[in-house]
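User: Hi! Could you walk me through this structure with a few questions and answers?

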Amino acid sequence: MMASSSRPRLTSALRGVSRTLNGGQRQPLEQHFQSLQLNSSAVRGRRCLSTESTESNANGDRLSITAAKELEIKSLIKKLTPKYRLAQHARPVPISPSYFSRTPAFNDRYLVLEKLSRAYVNLPVIPAADTERIAWKTLSDLRQSFGEPVKATDYVKCLAIVKRLHQIHPELKPDAVKEALLDFQRDVQAFLNVATPIPIDKFGRALGVGKRKSSSARAFVVEGEGQVLINGKTLADYFGRVHDRESAVWALHATDRIDKYNVWARVEGGGTTGQAEALTLAIAKALLAHEPALKPALRRAGVVTRDPRRVERKKHGRVKARKGPTWVKR
Amino acid sequence: MSAPNCLRCLVRPTAGIPISAPLAAPIALAHAHARAAPFSTTAANARPRKETEKKTGSKDHSRGGKKLQLGKFKKDHIASKGRSPLPGERKAYRKRITLSNDNAIPVPWLTDLGPEALASAENTARVLALPEEVQDQLRAGEAFKPTQCWGMFRKPAVLVRKETVDLANRMQDAADKKQMLRLVVTGDKVAGKSMMLLQAMAHAHLNNWIVIHLPEAQELTTACTEYAPIPGTDPVQYMQPVYVLKLIQAIKRANEKVLAKTYTAQAHPELPQNIPPNTPLLKLANVAKEADGAWPVFQALWSELTAHNAARPPILFSLDGLAHAMKPSDYRSPAFDLIHSHDLALLKLFTDALGGAVKFPAGGAVLAATSRSNAPRVPSMELALAQREAEERVRQKVEGAEVPQKDPFFRGYDERVEAVLRSVQVLRVGGVDKLEARALMEYWAASGMLRATVDERAVTEKWTLAGSGVLGEMERATLLTMRV
């Protein structure tokens, strides 16, 4: 409340007061109200017409829209009585037009955005592809964060404005816009996570790590003539099944690089299939360090994405994860 | 619009069925199901049902219609069982060896092995066919194994590897100097150790050596053939007459020509048949007709072959599955002690030869191959082979070579085994190089067994999948894996 009270534009008007005042005398009255603002910590039974909850005001002070100031009617009357007559039933008038709607928080922001987009419609924009990638809140995120039932159509319209505003040239983007957009960004920005590139060390090795089921593999890939050593054994020694051998070197096979690289790998955990497919991923990643241009080919070969499936846990009341117990008559 | 013929089996229905059967009886709804539809595409349904109708008539007491049947599939089971295979039939099927495939394409550029072919270095990385005669000899000596892929190709052919040339040259050198090559072939699983022996035997046959081959050491030591103590031996030795008879016959068939030209040097009064000096050895071998007298005949044959005062061809004595011959056998002495394999007389001959105690008059070779798939652990043998290999590396001044030593806390070592393997040479068979792999794959492709372009990429792929060119694995990855 303290932070919000410092803002001059958030001064409020009282219905009773506004009746008694003419337009020219409005400013001094607002200043009066400013001075009359009480410290929120001192106030117990206060009346506040903010559309925000008090907690969010205290925390997120960057854009809190307060409908009207807190008023201590009695003291106000006492002060003002000599000069003005103040009605006993005077109540603050909400400045937000959405105060009586079901979704004031969203509506307020929507209005702010509309206003901003009208105001800055002439600023130069950059193509959407060149903008900084930002993960915007999804509809459910938005509903969760505002605690309001936002309509999907409204959300779509609002997000269109958000994206339009985001396209404004970053050097000319006003602070107000930046501030208004902050509320629509997700809390965790996945696009900030940039994978660290795999280095190629002085021996020409690239280390790739791959996992599958409960196996994990580390593969050192160097330029060579197609030799593979896994845990000190050859491919044929380590994997009895031909299928496993093929899947282990699938990344090299799919890109026709099997005679161009040597692989030295360590695998642990899991069974043979898991180890073979962990190796696939590890070799693919290490290969990407040598030749980044192979990424589309490797993705088509299906060796870039980690398969996240694990053993499904057993549930109580079941024999296995899903298997039901045998039906027994009594 | 249905086709007049059965589409699935392409059988044209006979003329009588479709029309005459329904018209013979008045058409009634109750019998409609029994009628064959005139345009049925199902051959089974188109069959006339007269026989079944008769059966359900008045003759037997069972009524028609639904019957209670206990044990739903009982009758089918009994009907489908058929004749069970006779004793030994399954094993014969499992162990049969097919040496040719008439469906395979004959390879035009395939040439037969000559006497010098396996010893010449320019034949390295070439596939050469075994001549008909040598095929018969090798078959008689049981050099072919059921696990090898002979049955895929038009005629048996072998890849000449660097190791082959090396081995053939060592054999030839030994024979030229009238010395004995004592060598153990060892290496990874399915790397081609038995094939190495086969090539050595082929080389020996082509050069008119006498070849004695014990195809499986385990046949001698796992107590699956008869044995009896040899009287007058101390410590007691045991003969295996049935096996020896089989061996004599195999030797006879495999070396017929050479034995016919080799003559006995001394008389053999202990034999039932009179064998004067200067009789062909073939005749001596023919004396063994029954298991009872087989061992003395074999002894006589052996003494003739190793007689130093007569003209003898070089001899190749080979054995596969060495580990079985280097441990206590499963036989028991009368005191119920385990008999050591080296106390079995036939194996004693071999181990003495391998250990250097016997000298062949015209030189020759004693070869043994280890096995990785069916082999008991023999720590002494493993250590001895590792030591011989390391000693060779030390001799060649390979950096970091070190001869492994006995584990002082281990009691499972066998001194007799160590004595035998103290001075043998070791030939390690590993993967082939890419040139050899390519030659082999080209042969496969020319035979129609590999339907892919053989280029650098394909060769490297199979070579890698086979663990750096292990031949058996290459076969598995290329020929034996079904691609659908």
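**The contact between the chains**

User: How many residue pairs are in polar contact between chain B and chain A?

Analyst: Happy to start there, with the reminder that this is a predicted model. For this count, both partners must have pLDDT 80 or more. Between chain B and chain A, the number of residue pairs in polar contact is seven.

User: Which helix gives the most to the side of chain B that touches chain A?

Analyst: Two helices, α18 (456-465) and α19 (471-478) of chain B, each supply at least two residues of that side. By class, the side of chain B that touches chain A has four nonpolar, five polar and seven charged residues. With seven residues, the helix that gives the most is α18(B).

User: Which residue of chain B forms a salt bridge with D256(A)?

Analyst: The count of salt bridges between chain B and chain A is two. In the one formed by D256(A), the closest N and O atoms are 2.9 Å apart. The partner in chain B is R457(B).

User: What share of the area that chain B buries against chain A comes from R457(B), T464(B) and L465(B)?

Analyst: The two chains bury about 1,400 Å² between them, and 55% of this is on carbon and sulfur atoms. R457(B), T464(B) and L465(B) supply more of chain B's part than any other three residues. Their share is 39%.

User: How many residues of α19(B) are buried?

Analyst: The buried residues of this helix are L471(B), G472(B), E473(B), M474(B), A477(B) and T478(B). Their cover includes α10 (235-238) and α11 (242-248) of chain A, together with β2 (157-160), α17 (434-446) and α18 of chain B. Out of eight residues in α19(B), the number buried is six.

**Inside chain B**

User: Which side chain of opposite charge is nearest to R182(B)?

Analyst: R182(B) sits in strand β3 (residues 180-187) of chain B. This arginine is buried yet has no salt bridge. A salt bridge would need a nitrogen and a carboxyl oxygen within 4 Å, while the nearest side chain of opposite charge is 10 Å away and belongs to D352(B).

User: Which side chain joins that of R182(B) in a polar contact of 3.0 Å?

Analyst: The surroundings of R182(B) include A353(B), L354(B), G355(B) and G356(B), among the residues it touches. Its side chain reaches the backbone oxygen of L354(B) at 2.9 Å. The side chain that makes the 3.0 Å polar contact is that of S423(B).

User: Why is helix α14 of chain B largely enclosed by the rest of the structure?

Analyst: L354(B) is one of the buried residues of α14(B), as are L349(B) and F350(B). Just after the helix, G356(B) takes a positive phi of about 100°. Helix α14 (residues 345-355) is largely enclosed because, of its 11 residues, the number buried is eight.

**Backbone details**

User: Is F336(B) buried or exposed?

Analyst: F336(B) lies in the loop between β8 (328-332) and β9 (338-340) of chain B. Its phi is near 60°, a positive value in a residue other than glycine. The cut-off for exposed is over 50%, so at 55% relative accessibility F336(B) counts as exposed.

Definitions and conventions. Residues numbered from 1 in each chain as written. Chains lettered and ligands numbered in written order. Predicted model: local features only at pLDDT ≥ 70, side-chain atom pairs only at ≥ 80, totals over all residues. Heavy atoms only, no water. Helix = DSSP H or I, 4+ residues; strand = E, 2+ residues; numbered from the N terminus. Buried < 20%, exposed > 50% of the residue type's maximum accessible area, 1.4 Å probe, protein only. Lys, Arg positive; Asp, Glu negative; His and termini not counted. Polar contact = N/O pair within 3.5 Å; in protein donor to acceptor, adjacent residues only side chain to side chain. Contact = heavy atoms within 4.5 Å. Buried area = accessible area lost by both parts, 1.4 Å probe. Nonpolar A, V, L, I, M, F, W, Y, C, P; charged D, E, K, R; others polar. Lists of a residue's contacts leave out its neighbours within four places in sequence.
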